[in-house]
Amino acid sequence: MRTLCFPLLVAVALAGCGAAATTPTTTTPTPSAAIDPEAVREFQAGTREMEHDSRAAARRARDHFEAALTVDPTLWEAHYQIGVLDRRAGDLQAAATSFEAARASAPEAAEVLVALAEVRHQLGDRSAAADLLRAYVGAHPDELAPRLSLATILREARDYDGSLEQAREVLIRQPSNARALAEVGRVYRAREQYDVAELVIRKALDLGDTAELRNDLGLVQLGRGDTQAAFEEFDRAIALDATYAPAHLNQGSVLLHAGDYAGAAAHYQAVVDADSDNLDARVALGIALRGQGHIPEARRAYQAVLDAQPTHAQALYDMGVLLAEFADDRPHAREMFQRYLEVAPSGAPQRETAQHYVTDIGAEMGPSAPTGSGT
């Protein structure tokens with residue numbers, strides 16, 4: 001048997017905030033008084049169910065919204081809320097379909113347009129998302145929420161000048177807008193201009209101390225290489241809001257890279273306990289469990305992710321590493337790496353290592369081993 005000497009890469013992404021990819025729209029619109037009273041009653045029952053954080057409540061909410069649409073198919077608010085439910089559950093394509101249905105009935109509703117653009121962005125169609133928002137902002141220059149979403153999408157597309165332009169337009173209209181200040185700070189952090197980023201984020205903090213802004217400041221400190229200061233800011237974010245997932249994920253990442261696997265696992269578990277559908281947190285939890293030597297538990301964590309989303313690239317990769325190096329199940333590991341190569345982006349840094357695993361394990365298995373399609 002040949003021994004692989006490739007490094008076991010651990011990819012735990014730091015969690016930002018305010019990003020279109022991670023901040024689902026949660027505005028609850030109110031139906032017009034002209035709508036059929038029965039449809040309104042069903043809609044209101046659905047919104048009450050959405051206040052409860054459970055899958056059963058989400059199913060009941062969906063039933064109420066669908067009942068409302070049976071009474072009045074043009075009730076865009078119900079389409080919108082079904083889209084919110086789908087987005088929370090991770091079914092982005094279904095969410096996009098519902099938001100499109102809402103937009104067909106209410107083309108001028110800002111919350112629908114923002115939600116649709118954010119989902120399009122999450123699905124990878126960044127230009128379509130930006131075009132939707134640009135068109136709306138052009139027709140409604142004083143609408144701030146679409147401008148802020150456009151600023152975020154442009155930043156994530158690395159159009160930093162465009163993002164700053166949109167955030168500054170918001171600040172011209174509302175100088176005390178903390179979200180716009182934070183977005184400006186994120187642009188400067190992305191440009192690695194950490195002093196300016198910190199100055200702007202602290203101005204936003206002067207308007208209100210929030211977990212989101214403390215998390216931003218922690219990311220600035222981390223970018224500088226000041227791990228201790230970053231740790232303290234993430235800790236402050238968690239103290240302000242113990243349910244704020246990005247701060248837990250970032251604190252977990254800091255601890256993971258410091259070798260404190262138990263401490264990291266506690267933060268990832270806190271996210272999973274609050275949101276069992278957070279697949280990235282489950283993958284990170286698996287890495288922390290593996291670091292502690294809890295191999296069966298780590299395998300179950302990865303498998304739970306793959307059961308929910310069979311194409312989750314990071315779960316496939318980490319499951320492959322676990323099976324190849326810790327569970328002595330190299331043929332199954334090879335299958336995981338082949339599946340990873342089929343779904344991972346072409347520029348993913350782990351592709352080369354995964355391909356080495358496929359090739360070397362295939363050599364161990366002999367010439368009859370299937371080659372897979374991940375080259």
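A residue is called buried when its relative accessible area is under 20%, exposed when that area is over 50%, and partly exposed in between (1.4 Å probe, protein chains only). The structure is a predicted model, in which local features need pLDDT of at least 70 and side-chain atom pairs count only at pLDDT 80 or more, while totals for chains, interfaces and linings use all residues. Residues are numbered from 1 along each chain as its sequence is written, and side-chain values use heavy atoms, with hydrogens and water left out.

**Overall architecture**

- The protein contains 19 helices and zero strands; helices (H or I, at least four residues) and strands (E, at least two) are DSSP runs, numbered from the N terminus.
- Of the 375 residues in the protein, 49% are buried.
- The accessible surface comes to about 17200 Å², and carbon and sulfur atoms contribute 50% of it; areas come from the Shrake-Rupley method with a 1.4 Å probe.
- Among contacts (heavy atoms within 4.5 Å) with a separation of 6 or more, 54% join residues 24 or more positions apart.

**Confidence**

- The average pLDDT, the predictor's confidence in each residue from 0 to 100, is 88, and 89% of the residues score at least 70.
- The pLDDT is below 50 over residues 1-13, a stretch with 36 contacts in the model beyond near neighbours in sequence.
- Residues 17-26 also have a pLDDT below 50, with 38 contacts beyond near neighbours in sequence.

**Nonpolar cores**

- A nonpolar core is a set of buried Ala, Val, Leu, Ile, Met, Phe, Trp, Tyr and Cys residues joined through side-chain atoms within 4.5 Å.
- The largest core has 41 residues, of which Tyr268, Tyr302, Met319, Phe337 and Tyr340 touch the most other members.
- At least two residues of this core come from each of α13 (245-257), α14 (261-274), α15 (279-291), α16 (295-308), α17 (313-325), α18 (330-343) and α19 (351-365).
- A second, separate core of 39 residues includes Leu92, Ala129, Tyr136 and Ile153.

**Helix α18**

- The 14 residues of α18 reach 20 Å from first C-alpha to last, close to the 20 Å expected at 1.5 Å a residue; the expected span is 1.5 Å times one less than the number of residues.
- Its buried residues are Arg330, Ala333, Arg334, Met336, Phe337, Gln338, Tyr340 and Leu341, and they pack against α16, α17 and α19.

**Helix α1 and aromatic pairs**

- Buried residues of α1 include Ala39, Val40, Phe43 and Met50, and their cover includes α2 and α3 (76-88).
- The whole structure holds six aromatic pairs; rings of Phe, Tyr and Trp (its six-membered ring) pair if their centres lie within 6.5 Å, with planes under 30 degrees apart stacked, over 60 edge-to-face and the rest tilted.
- Phe43 and Phe65 form a tilted pair, 5.5 Å centre to centre with 50 degrees between the planes.
- This pair links helix α1 (residues 37-50) to helix α2 (residues 55-71) across 22 residues.
- Phe43 is buried at a relative accessible area of 2%, and Phe65 is buried at 0%.
- Ring pairs also join Tyr317, Phe337, Tyr340 and Tyr357 into a cluster.

**Positive phi in loops**

- Most residues other than glycine have a negative phi.
- Arg158 has a phi near 65 degrees, lies in the loop between α7 (144-156) and α8 (160-173), and is exposed at 67% relative accessible area.
- Glu192 has a positive phi of about 65 degrees, lies in the loop between α9 (178-190) and α10 (194-206), and is exposed at 57% relative accessible area.
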